[in-house]
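Subject: Handing over the structure

Hi,

Here is the structure I promised to pass on to you. Please open it alongside this message, and my notes follow just below.

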Amino acid sequence: TSRLSLIKRLNRNELNFEQIVEAIESDPSLTYRLLKTVNSFFLSKAPKIKSIRHAAVLLGANHLKSWLTVLTLQEPNEPFKNEIIVNSLIRAKTLEQLADLIHLRDEKDVLFFMGICSSLDLLLQRPLQEILQELHVDEAIQHGLNGQPCIYSILYHLVIALETNDTNKLKEITTTLNIDLSKAFAIYQQSIEWVVELQKDIKVK
């Protein structure tokens, strides 16, 4: 689709700022849902967003990619009704907060995007690696989702262990990362609550 093509071009860094804004503005449905989502995302932390240009500036490239990916794949009139998308957002927010916990603050946006990408195979009914390559997703994210030894992979496995309540895996990974298990659980719970708040706040008329 043209929207998936937009995500692909964003990942390739083929578009400059003006082209990104123009591409989003040319799709009224996407524009509306992006503005609704971003306004809810920032809540009281920033002035209400009144344009795609404003949204793009506030979000930055990686978060913009994340939200465009979510909005591209959800049903136009049923925002966040898809359980796969909801779960992707919980993963994304958990990874973002874990980045803070282990002092990877500069990589928060990238890890958020990794969480969004983690369920694309279920949404598109195609192999994940094939989708990630087609969309030109950063290799570090691909390695993390493919289980290759790296910090992204360890964090992703931690999120999966939190989802499945795999106590043995949780103890193993939190020990490896030298983080408190209770903090990991708290982050996961906060992420669920964050998505619940998004669902409450975003209502398409």
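What follows is a short tour of what was found.

First, a word on confidence. This is a predicted model, so please keep the pLDDT values to hand as you read. The mean pLDDT of the protein chain is 82, with 84% of its residues at 70 or more. Confidence is lowest in helix H3 (residues 28-42), where the mean is 70, and highest in helix H10 (residues 151-164), where it is 97.

As for the overall fold, the protein chain contains twelve helices and zero strands. Of its 205 residues, 48% count as buried. If you take the contacts between residues at least 6 apart in sequence, 61% of them join residues at least 24 apart.

Where does H4 bend? The bend is at Gly60, and it amounts to about 110°.

In soluble globular proteins, nonpolar side chains tend to be buried together.

Next, Tyr156, which sits in helix H10. Is Tyr156 buried or exposed? Its relative accessible area is 11%, so Tyr156 is buried, the cut-off being under 20%. Beyond its neighbours within four places in sequence, Tyr156 is in contact with Arg91, Leu95, Met114, Ser118, Gly144 and Leu145. Arg91 is 65 residues away from Tyr156 along the chain, while their C-alpha atoms are separated by 8.3 Å.

Gln142 counts as buried because its relative accessibility is 9%. Setting aside neighbours within four places in sequence, Gln142 is in contact with Gln129, Leu132, Gln133 and Val137.

Gln125 is not a glycine, but has a positive phi of about 55°. Gln125 lies in the loop between helix H7 (120-124) and helix H8 (128-134), and at 66% relative accessibility it counts as exposed. Asn165 also has a positive phi, near 55°, in a residue other than glycine. Asn165 is placed in the loop between H10 and helix H11 (167-177), and with 47% relative accessibility it counts as partly exposed.

Finally, the cysteines. The structure holds zero disulfides. Cys117 is buried, at a relative accessible area of 1%, whereas Cys150 counts as partly exposed, at 26% relative accessibility.

Happy browsing, and do write back with any questions.

Best wishes

Key. Residues numbered from 1 in each chain as written. Predicted model: local features only at pLDDT ≥ 70, side-chain atom pairs only at ≥ 80, totals over all residues. Heavy atoms only, no water. Bend = angle between axes of the 7 residues up to and from the residue. Helix = DSSP H or I, 4+ residues; strand = E, 2+ residues; numbered from the N terminus. pLDDT = per-residue confidence, 0-100. Disulfide = S-S within 2.5 Å. Buried < 20%, exposed > 50% of the residue type's maximum accessible area, 1.4 Å probe, protein only. Contact = heavy atoms within 4.5 Å.
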